[in-house]
Protein chains: 2
Amino acid sequence: MDLVSLPGFRDFFPEEAARRAYIFSKWRDAAERYGFVLYDGPPLETTELYRRKSGDELIGQLYCFEDKGGREVTLRPEMTPSLARMVASRGTSLPKPIKWFSIPQLFRYERQQRGRLREHFQFNCDILGEAGPAADAELVALLVDCLCSFGLTEKDIWVRVSDRPLLAALLEALGIKADGQKAVFQAVDKLTREPTEKIHANMVAGGLTAEQATKVLSLFDGRKLMDIASEFDGSKTVCDRILVLQQFFGILDAMGLASYVEFDLGIVRGLAYYTGIVFEVFDRKGEFRAISGGGRYDNLLKTIGGFDLPALGFGMGDVVLGELLTERKLWPAKLMKGLDAYLVLVDEKLRLPMLALAHQLRSTGFSVDYGLSETNVGKQFKAASQKESRFAVVLGPDEWKRGMVKLKNLMTRDEIEVGVEGIVKRLQESRLSHSTMPEPISQHRD
Amino acid sequence: MDLVSLPGFRDFFPEEAARRAYIFSKWRDAAERYGFVLYDGPPLETTELYRRKSGDELIGQLYCFEDKGGREVTLRPEMTPSLARMVASRGTSLPKPIKWFSIPQLFRYERQQRGRLREHFQFNCDILGEAGPAADAELVALLVDCLCSFGLTEKDIWVRVSDRPLLAALLEALGIKADGQKAVFQAVDKLTREPTEKIHANMVAGGLTAEQATKVLSLFDGRKLMDIASEFDGSKTVCDRILVLQQFFGILDAMGLASYVEFDLGIVRGLAYYTGIVFEVFDRKGEFRAISGGGRYDNLLKTIGGFDLPALGFGMGDVVLGELLTERKLWPAKLMKGLDAYLVLVDEKLRLPMLALAHQLRSTGFSVDYGLSETNVGKQFKAASQKESRFAVVLGPDEWKRGMVKLKNLMTRDEIEVGVEGIVKRLQESRLSHSTMPEPISQHRD
C-alpha cells in the first residue's frame with residue numbers, strides 16, 4: 001500500500017510540526033510587535049482572481065480545476081490577490097493605514113526538483129493606505145527584526161533594496177523608452193545568472209543601441225545612491241526618487257538597522273506589478289535562494305478590486321528559512337513543549353485516585369499524562385522522559401495512605417514528599433521560572 | 001468586479017481571525033494539558049486514500065480533480081485517513097500509545113444551504129495503540145474539558161455515549177443476523193428525525209419480523225445500562241461489553257465528569273467504520289447540530305495502511321462551536337491583543353528619535369505602533385484607542401529636551417512623566433499584571 005504523501009507535499013510528524021509551530025510563533029510575535037493584526041482568506045479562490053493580477057501567464061503553474069458547480073477555481077498560489085479582494089470589498093470602512101499579516105499555505109504545481117515543494121507556508125505582511133516611504137521602511141524593519149528573532153544577525157543576512165521608478169527614470173535619462181525599458185527589466189532579472197555579454201546582447205535585441213546597453217550595464221556595477229545622484233543630477237525624476245530612497249534609508253538608520261540594508265539597483269523582482277521600492281533578503285554567503293522578498297504595488301487594488309489604495313508587502317516562506325536555521329544551527333534545543341508532570345502508578349489499586357489527581361492538575365492548567373494501561377514503574381518513568389516531562393508524581397501505597405506522593409524533578413533528580421497542594425505549588429514555581437516575559441529580541445543590540 | 005469569496009468559503013477579517021485564533025488556542029491548550037502533541041498532514045491527498053476508507057460513496061461530495069501530472073487528488077474532507085497513512089508509514093517506530101492532535105481545514109462540496117459551509121476547521125484528537133476503555137475515557141475527558149475551557153458547563157452540553165458491539169450483541173440476542181443488523185443501524189441513525197412507525201416499517205422491510213422490530217425500538221427508550229444488563233444477562237457478549245462500558249463510565253466518574261456523560265444506545269454515528277464506543281456532544285437544549293463526535297475505529301489502520309493498531313478519536317468543528325459561543329455570549333470581551341504602546345508625536349522634528357524609541361521598545365518585546373505620516377495629536381490618540389493600546393507615549397519637545405516623555409495609561413487615564421527606562425518598567429509591570437499563569441480552567445469545579 002502506498003503510504004507516502006503526494007510529491008511535493010509534506011507530512012508534519014510531531015517533530016516537524018513543532019518546528020513549524022516555532023517558526024509560526026516567531027512570525028506572529030514579530031508582526032504583533034509591529035502592530036500588525038492577523039487576517040486570512042480562503043485557500044480556494046476563483047481562477048479569475050489570479051488572472052486579473054497576472055494574466056494567463058501563471059495559470060500553467062497553478063492547481064486550477066473546475067469544481068462540481070462548474071466554477072474555475074484555484075488553490076491559492078499567493079496571498080496578495082485575496083488580500084486585495086478583501087480590502088477592496090470593505091473599501092473605505094477600514095481605518096487606514098491597514099497593517100495586516102497572515103500565514104497562509106500556498107500551492108504551485110512546479111516541476112518536481114529536489115527541495116522544490118508544491119506547497120509552503122508563507123508569512124505575509126502588508127501595509128495599505130500609506131503612500132510615503134515611512135511605510136516601506138516600517139515593513140523592512142519588521143522583516144529584519146523578525147529574522148533577528150530567530151537568532152540571525154547582520155553577519156547572516158542582508159536586505160537588498162532597489163526602486164522601480166528610479167530605474168525607469170535612469171533609463172529615461174539614457175533615452176530609453178517604454179519598450180526598451182521592458183527589455184532592460186527582463187534582462188536585469190537575470191543579472192546574476194547569465195554572462196554580461198548575453199545580457200548586453202539581449203538588450204540590444206530588445207531595441208537598445210549598443211552604447212545604451214553598455215551604459216545600462218554600468219548602472220549595476222554596485223554604485224552607491226550618491227554616485228547616481230551626482231551623475232544624473234539633471235533629471236528631476238531621478239532626484240525625486242533618490243530623495244524618497246534617502247528618507248527610506250534614513251528611517252532604517254534611525255532604527256539602528258542600517259547595517260542590514262543596502263541599495264542595489266539590480267533587484268528588480270520578477271513580478272511586473274511592483275511600482276516603487278522593492279527588496280529581497282539573502283543570506284550573506286549566497287548559499288540559499290531569497291529568504292524573503294517584497295515591495296510596493298500601488299496599482300494592484302485598482303486592478304483586482306477597482307479600489308484605489310497604495311499598498312506594499314512582503315512574503316517569507318518556511319522552507320528556505322528552515323534550511324537556513326538548520327545550516328546555522330539556530331533551532332532551539334527544546335522544541336517540544338513537554339509535560340508539567342507524568343503520574344507514575346506504583347499500585348494499580350490507586351488508579352482511580354490517580355485519575356482524579358490527573359484531572360485536578362489538568363483543570364488547574366498543567367499538562368499531565370499517565371499510563372493508560374498497567375505497566376511497571378520503570379516503563380512509566382521511561383514514558384515520562386520520552387514525553388519530556390519536568391516532574392514525575394509517584395503514587396505509592398504507603399505515601400498515599402498519609403495523603404502524600406513523591407514529587408521527582410526529572411531535570412535535577414531531586415525528590416520530595418508532598419501533598420496535592422504541594423504538587424500544584426511546585427509545578428507553578430517551575431512554570432514561573434520558565435515564564436515568558438518580554439525579553440530582548442534583536443541580536444544586533446548586544 | 002466580483003469581490004466575494006467562493007460560495008461556502010470564509011474570509012477572515014481581523015475580528016473573525018481573532019475569534020478563530022481564540023478557538024484554536026483553547027483547542028491547543030486542552031490537547032496539551034492532556035499530553036497530546038501536534039501533527040499535520042497535507043491538505044491535498046490522493047483520492048485513492050479516501051476511497052480505501054469509504055469506497056466511492058463519499059467521492060461525490062468531495063473536491064476531487066486531476067492534477068497536471070494526471071493524478072486523482074482530493075482536498076482533504078477529513079483528517080483520519082491522513083493520520084492512518086502517516087502512522088502506518090512509521091509503523092512500529094513510534095512509541096505507543098500515540099496521542100496526537102491537529103487543527104486541519106477540511107473541505108466538502110456540500111449542497112449550498114444557509115450556514116452550510118464548504119470548508120471548516122476541525123480539532124482532531126486521536127489515541128493509537130491502546131485497546132482498553134481507559135483510552136476512550138481519556139479522549140472524552142479531553143473533549144469535555146476542552147468545551148469547559150470555553151466557559152460551557154454541564155448545563156450547556158452533554159456527551160451521549162453508545163457502543164457498536166453492544167448494540168450488535170443485543171440484536172444478536174434478539175435473533176437478528178448481519179443483514180438485519182445493517183438495516184437496524186441505518187434505521188436507528190434516523191431515530192430523532194423520523195416517526196417511530198416509519199422506522200419500524202423500514203426495519204421490517206430490511207428483513208426483521210414485526211416483533212423483532214418492536215423489541216429493537218424498545219431498546220432505544222432511554223433505558224439505563226443496568227436495565228439492559230439484567231434483561232440480557234443470558235448473553236455473554238452483552239455482559240462483556242457492559243463491563244467495558246462500566247469501566248469507561250467509572251473512569252469519567254473518578255475524574256469528576258459523570259454529570260457530562262450519558263449512556264444512549266441511539267447514538268450509532270453515520271460512519272460504518274466505528275468498532276467500539278462511539279459518542280456525540282450536543283447542547284442540552286438541542287438547538288444546534290452535534291458539536292463533536294467520535295469513537296473507536298480499530299480496523300481503519302489496517303484498511304488504509306495495512307498496519308494493525310487499535311485507534312480512536314474525535315473531531316470538533318469551528319462552525320457549530322462558534323455559533324454556540326455566540327448564542328451563549330461566551331466570547332471574551334477582549335479578543336484582539338491590542339498594543340502595549342502607541343507613540344504620539346507632538347512635533348514632527350522628533351520623528352527620528354521616535355523611530356529609535358519605537359525600535360528599542362519593540363526589540364524589548366513590546367508591541368508598539370505610531371503614525372506613519374504626520375497627523376495631529378488628536379488623530380494619533382484616536383488611532384491608539386482604535387488599536388486598543390494600553391499606553392500612549394507622548395513625545396513633546398519640552399519633555400524630550402529633559403530626556404523625558406509623558407506616559408499615559410489609556411485605561412485609567414493616569415499620566416506620568418518618565419525616561420525611557422521608566423517606559424520599559426511600566427510596560428513590563430502592565431504585562432505582568434495581565435500575565436498568563438495557569439489558572440483553573442473547568443467550570444464544573446466551582
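Author: Chain A is assigned domain 1 (14-327) and domain 2 (343-433). The bounds come from an automatic or database domain assignment. The C-alpha centres of domain 1 and domain 2 of chain A lie 52 Å apart. This is a predicted model: local features need pLDDT of at least 70, side-chain atom pairs count only at pLDDT 80 or more, and totals for chains, interfaces and linings use all residues. Residues are numbered from 1 along each chain as its sequence is written, chains are lettered from A and ligands numbered from 1 in the order in which they are written.

Reader: Why are α4(A) and α10(A) called oblique to each other?

Author: The axes of helix α4 (residues 133-148) and helix α10 (residues 236-254) of chain A cross at roughly 40°. Angles under 35 degrees count as roughly parallel, over 145 as roughly antiparallel, 65 to 115 as roughly perpendicular and the rest as oblique. The pair is therefore oblique.

Reader: What makes up the contact of α4(A) with α10(A), by residue class?

Author: Nine nonpolar, one polar and one charged. Ala, Val, Leu, Ile, Met, Phe, Trp, Tyr, Cys and Pro count as nonpolar, Asp, Glu, Lys and Arg as charged, and the others, Gly among them, as polar. Asp136(A) in α4(A) and Gln247(A) in α10(A) are among the residues that meet.

Reader: Why do β2 and β3 of chain B stand at the edges?

Author: The open sheet has the order β2-β4-β3 (chain B), with antiparallel pairing. Each edge strand has a single partner, so one side is left without a neighbour in the sheet.

Reader: How do you know that β3(B) and β4(B) pair?

Author: Pairing takes at least two bridges found by DSSP. These strands have three, so they pair.

Definitions and conventions. Helix = DSSP H or I, 4+ residues; strand = E, 2+ residues; numbered from the N terminus. Axes fitted to C-alpha atoms, helices over the stretch in contact; angles between N-to-C directions. Contact = placed C-beta atoms within 7 Å.
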